[in-house]
Amino acid sequence: MNRELKPKIVITGGCGKIGSHFVRFASDRYSMRVVDKVAWDSRKLGPFSGESLVLDLQDPAACRQACEGMDMVVHLAADPSPEADFMSSLLGNNIIATYNMFRAAQESGCRRFLYASSIHTVAAYPADVQIRTDMPVRPANLYGVSKCFGEALTAYFAFREGLPGIVLRIGAYVFPEHPEHLAPSEQDAFLSPADFNELLT
């Protein structure tokens, strides 16, 4: 497909584990702009013919640069640690940066925003409770709280600011050589990287 005719997608956190796997999987289908705190390392991550920008998403101007001319945003950038400190990391990386990306995407005329949330938004439910999509969030840590904020932003921008959004709650995203060796909690929440690539597509 002609590069100019491909959908233009910006992937924040595109050099991370989930982002880089998707970039390698789908770079021939989309015109991709990878945005991260570090540049795409071809020696480590493999070849990539798209655009790689090193930006701080806590800067609104950087987010506008990331979204300029793009059709869609896949927002994977975040501190993914359940033990992350709120003031020193989650506030900036998971809340301020997420708001900045939503605002920049809306102002830039992006047509869709995919937000990477987490199973931690509902991790405080008892283990024997089957989680349904219509159940209230119940985070077990402040990382989960930060992801609840992103889910609420997705709804706000979709219903009030005209930016359609999709929330994807990511579970135990692991590359198992032998799935039977996963811990019980990982088996319960296992998300195949190959399946998630297909879901993003």
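## Helix 3 and helix 4

A crossing is right-handed if the near helix is turned clockwise from the far one by less than a right angle, and left-handed if anticlockwise. The crossing of helix 3 and helix 4 is right-handed. The model is a predicted one, in which local features need pLDDT of at least 70 and side-chain atom pairs count only at pLDDT 80 or more, while totals for chains, interfaces and linings use all residues. Residues are numbered from 1 along each chain as its sequence is written, and side-chain values use heavy atoms, with hydrogens and water left out.

Helix 3 spans residues 60-67 and packs against helix 4 at an angle of about 50°, their axes lying 8 Å apart. Helix 3 is therefore oblique to helix 4 (under 35 degrees counts as roughly parallel, over 145 as roughly antiparallel, 65 to 115 as roughly perpendicular, and the rest as oblique). Axes are lines fitted to C-alpha atoms, for helices over the stretch in contact, and angles run from 0 to 180 degrees between N-to-C directions. Helices (H or I, at least four residues) and strands (E, at least two) are DSSP runs numbered from the N terminus.

From helix 3, the residues Pro60, Cys63, Arg64, Ala66 and Cys67 meet Ala97, Asn100, Met101, Ala104, Ala105 and Glu107 of helix 4 (contact means heavy atoms within 4.5 Å). Sorted by class, the contact of helix 3 with helix 4 holds eight nonpolar, one polar and two charged residues. Here Ala, Val, Leu, Ile, Met, Phe, Trp, Tyr, Cys and Pro count as nonpolar, Asp, Glu, Lys and Arg as charged, and the others, Gly among them, as polar.

## Helix 4 and helix 5

Helix 4 (residues 86-107) also packs with helix 5 (residues 142-160), at an angle of about 15° and with the axes 10 Å apart. That angle makes helix 4 roughly parallel to helix 5. The crossing of helix 4 with helix 5 is right-handed.

On the helix 4 side, the contact is formed by Phe86, Leu90, Asn94, Ile95, Thr98, Tyr99, Phe102, Arg103 and Gln106. Helix 5 contributes Leu142, Tyr143, Ser146, Phe149, Gly150, Leu153, Thr154 and Phe157. By class, the contact of helix 4 with helix 5 comprises 10 nonpolar, six polar and one charged residues.

Helix 1 covers residues 17-26, and Ile18, Gly19, Ser20, Phe22, Val23 and Ala26 in it are buried (buried means under 20% relative accessible area, exposed over 50%, partly exposed in between, with a 1.4 Å probe and protein chains only). The elements covering these buried residues include strand 1 (8-12), strand 2 (31-36), helix 2 (42-45), strand 6 (165-170), strand 7 (172-173) and helix 7 (193-200).

Helix 1 and helix 7 pack at an angle of about 65°, and their axes are 10 Å apart. The two are therefore roughly perpendicular to each other, and their crossing is right-handed. Ile18, His21, Phe22 and Phe25 of helix 1 make this contact with Pro193, Ala194, Phe196, Asn197, Glu198 and Leu200 of helix 7. Seven nonpolar, two polar and one charged residues make up the contact of helix 1 with helix 7.

Glutamate 198, located in helix 7, is partly exposed, with a relative accessible area of 49%.

## Cysteines

The count of disulfides (pairs of cysteine sulfur atoms within 2.5 Å) comes to zero. Cysteine 67 is in no disulfide, and the nearest cysteine sulfur, that of cysteine 110, is 4.6 Å away. That separation is too far for a bond. Cysteine 67 is buried, at a relative accessible area of 0%; cysteine 110 is also buried, at 7%.

Methionine 72 is found in strand 4 (residues 72-75) and is partly exposed, at 21% relative accessibility. Apart from neighbours within four places in sequence, methionine 72 contacts Pro7, Lys8, Ile9, Val10 and Arg112. The C-alpha atoms of methionine 72 and methionine 32 are separated by 9.9 Å, the residues being 40 apart along the chain.

Proline 164 occupies the loop between helix 5 and strand 6, and its 36% relative accessibility makes it partly exposed. With neighbours within four places in sequence left aside, proline 164 is in contact with Arg111, Arg112, Phe113 and Ala158. Proline 164 and glutamine 130 are 34 residues apart along the chain, with their C-alpha atoms 28 Å apart.
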